[in-house]
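Hi,

Here is the structure I promised to pass on. Have a look at it first, then read my notes below.

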Amino acid sequence: MTAHVFRPAHRPSHEPSTPAVPRGGEGAIRHGFASFYGAPIVEDMDDWRADIGFAGVPFDAGTNDRPGARFGPAAIRDASARYHPGEEWAGYIDAEQGARILEGVSMADVGDVDVRTVDLLENFEIITEAARLVRRSCRVPVFVGGDHAITFPIVRAFDDTPLTIVQFDAHQDYTDDKYGVRYSHDNHMRRSSELPHVRQIVQVGLRGVLERFEPYDAALRDGVIIVPAERIVREGVPAALASLPGAGPAYVTVDIDVLDPAGAPGTGYPEPGGINYYQLKEALLLVARQYDVIGFDVTEVDPVYDAAGVTARIAAKLILDLLGAVFARG
Ligand SMILES: [Mn+2]
């Protein structure tokens with residue numbers, strides 16, 4: 001089963017016969033290196049351990065509008081080369097906090113979930129199985145999408161614990177059924193809300209106009225906490241998120257379109273307005289202090305629309321920010 005669920009992270013396909021710099025990255029100019037943050041690539045899914053396990057989920061068959069998020073894992077792997085730690089790595093310094101993060105924390109890249117071409121629900125089974133496998137061997141699994149539909153099959157793999165889901169997103173993704181479609185990137189939070197172990201949903205960053213009443217009304221009826229983007233912009237993060245409910249295990253899902261597309265244009269469904277990088281970082285850090293974040297995903301980075309590559313870079317940085325806060329909690 002394992003062999004069919006993951007493909008290893010790809011290695012450089014055409015290595016120069018005389019490398020300009022020694023392989024292993026001794027040179028100051030970074031070169032092609034295809035794992036998240038330069039983490040070791042897992043060869044055997046049955047035999048590895050790390051504090052953090054990265055998995056790509058190159059799936060975008062759940063996209064209603066512009067596809068391309070299937071290329072997100074590759075783009076973010078590439079963008080994360082900026083944060084390649086090098087030989088003597090022991091952690092990073094967060095220059096803005098003046099604090100060391102991820103000191104002594106180990107990482108591994110398990111590769112990409114082996115997504116097939118067509119069958120949606122078969123792919124969801126594969127994604128759930130893959131998520132269970134990653135969870136088994138690390139403390140914090142990080143799933144890099146892919147469109148946002150992947151969150152439902154991933155959340156299914158956390159069914160051994162009551163869970164709060166904290167969703168950063170311009171959209172609610174709470175549609176029950178539209179033209180018979182129930183598993184797109186517009187349905188996944190509704191599907192997750194139906195899972196018995198999902199106890200609370202918090203949605204941060206909602207904005208725009210919604211064309212249908214039912215999903216919004218249903219979310220309110222179901223007790224979903226909604227913090228619109230404009231509240232964060234006007235009140236600041238601490239005030240806007242002051243009344244997040246509860247504590248305990250949480251799964252965080254970041255749709256990169258929560259950010260203002262002026263700063264993060266590389267996404268399939270850009271929405272006017274939104275929060276900026278610092279506001280999202282502050283919110284993620286706050287969430288990581290309040291909850292026990294046991295896994296998270298970053299979705300909807302679409303390099304097809306990311307002309308300057310900044311969106312993938314922002315995603316790579318935000319992943320480090322959140323991980324730094326999670327492991328600072330102890
Ligand atoms: Mn979304």
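Gln167 has Gln203 of β8 as its bridge partner. That bridge belongs to the pairing of β7 (residues 163–168) with β8 (residues 198–206). These two strands run in the parallel sense and share six bridges. Please keep in mind that this is a predicted model.

Now the whole sheet. It is open, has nine strands and mixed pairing, and its order is β1-β5-β2-β6-β11-β10-β7-β8-β9. The edges are β1 (6–7) and β9 (225–228). Each has a single partner strand, so one side of each lacks a neighbour in the sheet.

Two helices on the sheet come next. Helix α9 (residues 277–290) lies across β7, β8, β10 (249–255) and β11 (292–299). Its direction is at about 175 degrees to β7. Helix α10 also packs on the sheet, where it touches β2 (50–57), β6 (138–145), β10 and β11. It makes about 180 degrees with β11.

The buried residues of α9 are Gln279, Leu280, Lys281, Ala283, Leu284, Val287 and Ala288.

Last, the core. The largest nonpolar core has 93 residues, and Ala130, Ala315 and Leu322 touch the most other members. Helix α10 (residues 310–328) gives this core its largest share, eleven residues. Beyond its neighbours within four places in sequence, Leu322 contacts Val252, Leu284, Ala288 and Phe296. Leu284 and Ala288 are among the buried residues of α9.

Best wishes

Note on methods:
Residues numbered from 1 in each chain as written. Predicted model: local features only at pLDDT ≥ 70, side-chain atom pairs only at ≥ 80, totals over all residues. Core = buried A, V, L, I, M, F, W, Y, C linked by C-beta atoms within 7 Å. Buried ≥ 20, exposed ≤ 12 C-beta atoms within 10 Å, placed from the backbone. Helix = DSSP H or I, 4+ residues; strand = E, 2+ residues; numbered from the N terminus. Contact = placed C-beta atoms within 7 Å. Pairing = 2+ DSSP bridges. Axes fitted to C-alpha atoms, helices over the stretch in contact; angles between N-to-C directions.
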